[in-house]
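Here are my notes on the model you sent. Please read them with the structure open.

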Amino acid sequence: MKTKKLVAGMLFMGLCLISQAQTKKTTSSDPDNLAKEYFSQIMGVANNAMTNTKLYQFVYEWLGTPYRLGGDSKRGIDCSKFSLAVYENVFNTTIGYNSRNQYANVKPIRKNELQPGDLVFFKIRSKQITHVGVYLGDDKFAHAASSRGVMISNLNEAYWQRYYYNGGRPTDDASQTMTANLPSENDKNLN
């Protein structure tokens, strides 16, 4: 009986190693494939929703980065700096330094009109916008959460439905020139 369990365990480990080797071979020839596979299979984002490979690759590379208020690196980042980094690196656009300023620099978009790359804004226990994320498609968005860092969430989860405010998209005429205002004393603790 112990021998059968040992053989079964060895076969299982062997299959896992073979599967892992095949996965590495597949993704190493196409680095963008890893991000697409992740979002398609694990996060449930449909392949046809993934029109901007650069966006998905960028988000994938930042997943798991810890949250740090005011942070702007892979050692720690907050929600607005994450969305700013996405826009600077993926869309070559500057959108503002905090979530309220970013909302002031976009055209409001209804939830049912969101497209990958649009921003999603939340008013969490406040009358002001306090959180921002980047829409990925199929009701998923990437953001830097204070509890878990850079992660993917679903707009249909009760928490996000409760605090969702609006979506936003840079206007065509401002897409290359959106800038942030200098922070005031009142804005220092905003994301």
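1. Basis. This is a predicted model, in which local features need pLDDT of at least 70 and side-chain atom pairs count only at pLDDT 80 or more, while totals for chains, interfaces and linings use all residues. Residues are numbered from 1 along each chain as its sequence is written, and side-chain values use heavy atoms, with hydrogens and water left out.

2. Overall make-up. The chain has six helices and eight strands; helices (H or I, at least four residues) and strands (E, at least two) are DSSP runs, numbered from the N terminus. Their order from the N terminus is α-α-α-β-β-α-α-β-β-β-β-β-α-β. Of the 191 residues, 42% are buried, where buried means under 20% relative accessible area, with a 1.4 Å probe and protein chains only. Among contacts (heavy atoms within 4.5 Å) between residues at least 6 apart in sequence, 55% join residues at least 24 apart.

3. The sheet. Which strands form the open sheet, and in what order? Six strands do, in the order E3-E8-E4-E5-E6-E7, with antiparallel pairing. Two strands are taken to pair if DSSP finds at least two bridges between them. The edges are E3 (107-109) and E7 (149-154), each of which pairs on one side only. From one strand to the next the twist averages 35°.

4. Pairing at the E3 side. E3 pairs with E8 (residues 164-169) in the antiparallel sense over three bridges, and Pro 108 stands opposite Gly 168 in E8. E8 also pairs with E4, again antiparallel, over four bridges. In that pairing Val 120 is opposite Gly 167, and Phe 121 has Asn 166 as its bridge partner.

5. Strand E4. In a regular strand the side chains alternate between the two faces of the sheet. In E4, Leu 119 and Phe 121 point one way, Val 120 and Phe 122 point the other way, and all are buried. Four bridges join E4 to E5 in antiparallel fashion; Phe 122 has His 131 of E5 as its bridge partner.

6. Pairing at the E7 side. E6 (residues 140-145) and E7 run antiparallel and are joined by six bridges. Ala 142 has Ile 152 in E7 as its bridge partner.

7. Helices on the sheet. H3 packs on the sheet and touches E5 (131-137), E6 and E7, its direction making about 125° with that of E5. H4 also packs on the sheet, touching E4 (119-122), E5, E6 and E7, and its direction makes about 40° with that of E5. Axes are lines fitted to C-alpha atoms, for helices over the stretch in contact, and angles run from 0 to 180 degrees between N-to-C directions.

8. H3 against H4. H3 (residues 53-62) and H4 (residues 79-90) pack at an angle of about 140°, with axes 10 Å apart. The two helices are therefore oblique to each other: angles under 35 degrees count as roughly parallel, over 145 as roughly antiparallel, 65 to 115 as roughly perpendicular and the rest as oblique. On the H3 side the contact includes Leu 55, Phe 58 and Trp 62, and on the H4 side it includes Phe 82, Val 86 and Asn 89. The residues of this contact divide into eight nonpolar, one polar and one charged. Here Ala, Val, Leu, Ile, Met, Phe, Trp, Tyr, Cys and Pro count as nonpolar, Asp, Glu, Lys and Arg as charged, and the others, Gly among them, as polar.

Terms used. Buried < 20%, exposed > 50% of the residue type's maximum accessible area, 1.4 Å probe, protein only.
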